[in-house]
Amino acid sequence: MDSSIWVLETFYRKRDLIIIGAGFTGLWTAISVKEKFPVKSVLVVERSSVPIGASTRNAGFTCFGSLTEIIADSQKMGWEKTLELVKMRLQGLKKIQDCFTPDEIDFELCGGYEILNNDSPLAKIDKVNCQLKPVTGLEKTFSLNQKKLKEFGFGNSEYLIENPCEGSLHSGKLLQKLLEKCHGLGVEFLFGTEVSKISEDEDHVLIKTENFEISAENLIIATNAFTKNLVEDLDLFPARGQILLTEPIENLKIKGTFHYDEGFYYFRNLGNRILLGGARNLDFETEETSTLETTDFLQNHLDNLIRTVVLPGQKFEVTHRWS
């Protein structure tokens, strides 16, 4: 279909920067560029009517990192890089809180917890806290809290590690506020527009869709593991996560964000409901996909975990499942 001159010189005109993907990364990037270079033209292109990737399908954690995760990172890449990573996470959490009020995005610094069933990480907790103190400013970033383990009523759980740096938020509301901020800064959008091909030369980059093409001085691809669909030779593979949500549970005692089995399971309270996700480690091959659907195999494992660990002996119904 041929475009009119009016469309070609407005919606499809050349931009200084095109960003593919209107999730958290794409929107924060657009905001950052416009704040630093207000006169630059920035266009965000999103394939769906609303963002449909991990930004709108996650568990709503504002992650700091669990004890076992930080131990594993330090063993894998050394303490210097691990502390840089932790520092960036804290800066990101601070930026969210500086930009938006808690009520706007349902942000709550509720504290994060990790359930352990062996004591080997406990032997390293003092060293981890010592390493983290210059970054967090806390004497004990991680601490053992057996009292809360009993209060929460978890099953098949030996130890509970608490940290005060993690929280939760409403991912949809955060995206809405980011979109509002983008519009206020003059960022432009094309929703419902899937990029089929990218080409470039020394002077510009060109994105092609089914019906039109747009050129730009610069291009940023912010599409998570979906990037593999646009740049095939990338050494990048998707890793799907599956989630379920219960109905409201009367007198729910659980409050906070929780990690279990080295972080392969994660859950939190969403008001008086429980949101639980994970179990990818039980079927890595199947979950290495960008297909947004659930499987009976992993959903059954999530059902079992919520019955035996999170809400043992309690009656509940699952109302939503997604990936």
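This is a predicted model: local features need pLDDT of at least 70, side-chain atom pairs count only at pLDDT 80 or more; totals for chains, interfaces and linings use all residues.
**Exercise 1. Work out whether E287 is buried or exposed, and list what it touches.**

Step 1. E287 sits in helix α9 (residues 284-287).

Step 2. With a relative accessible area of 1%, E287 is buried.

Step 3. Skip residues up to four places away in sequence, and E287 touches P238, A239, R240, Q242, R280, T295 and L298. Contact here means heavy atoms within 4.5 Å.

**Exercise 2. Check the length of helix α2, then say which of its residues are buried.**

Step 1. Helix α2 covers residues 24-36, and at 1.5 Å a residue its 13 residues should span 18 Å. The expected span is 1.5 Å times one less than the number of residues.

Step 2. The end C-alpha atoms of α2 are 18 Å apart, which agrees.

Step 3. Buried in α2 are F24, G26, L27, W28, A30, I31, V33 and K34.

Step 4. The cover over those buried residues includes β1 (15-20), β2 (42-45), α3 (54-57), α4, α8 (171-185) and β8 (188-190).

**Exercise 3. Do the same for α8, and see what comes just after it.**

Step 1. S171, L174, L175, K177, L178, L179 and C182 are the buried residues of α8.

Step 2. These buried residues of α8 pack against α2, α3, α4, α5 (102-105) and β8.

Step 3. Just after α8 comes G186, with a positive phi of about 90°.

**Exercise 4. Describe how α2 and α8 cross.**

Step 1. Two packed helices are described by the angle between their axes and the distance between the axes.

Step 2. The axes of α2 and α8 come within 10 Å and cross at roughly 30°. That makes α2 roughly parallel to α8. Axes are lines fitted to C-alpha atoms, for helices over the stretch in contact, and angles run from 0 to 180 degrees between N-to-C directions. Angles under 35 degrees count as roughly parallel, over 145 as roughly antiparallel, 65 to 115 as roughly perpendicular and the rest as oblique.

Step 3. The crossing of α2 and α8 is left-handed (the near helix is turned anticlockwise from the far one by less than a right angle; clockwise would be right-handed).

Step 4. On the α2 side, the contact uses F24, L27, W28, A30, I31, K34 and E35, and on the α8 side S171, L174, L175, L178, L179, K181, C182 and L185.

**Exercise 5. Repeat this for α4 and α6, then zoom in on V135.**

Step 1. Helix α4 (residues 67-99) and helix α6 (residues 125-136) pack at about 15°, with axes 10 Å apart. That makes α4 roughly parallel to α6.

Step 2. This time the crossing is right-handed.

Step 3. V135 lies in α6, and at 26% relative accessibility V135 counts as partly exposed.

Step 4. Leaving aside neighbours within four places in sequence, V135 is in contact with L83, V86, K87 and L90.

**Exercise 6. Compare D261 and E262 in the loop between β13 (257-260) and β14 (265-270).**

Step 1. D261 is not a glycine, yet has a positive phi of about 55°. E262, not a glycine either, has a positive phi of about 60°.

Step 2. D261 is partly exposed at 34% relative accessibility, whereas E262 is exposed, with a relative accessible area of 62%.

Methods. Residues are numbered from 1 along each chain as its sequence is written. Side-chain values use heavy atoms; hydrogens and water are left out. Helices (H or I, at least four residues) and strands (E, at least two) are DSSP runs, numbered from the N terminus. Buried means under 20% relative accessible area, exposed over 50%, partly exposed in between (1.4 Å probe, protein chains only).
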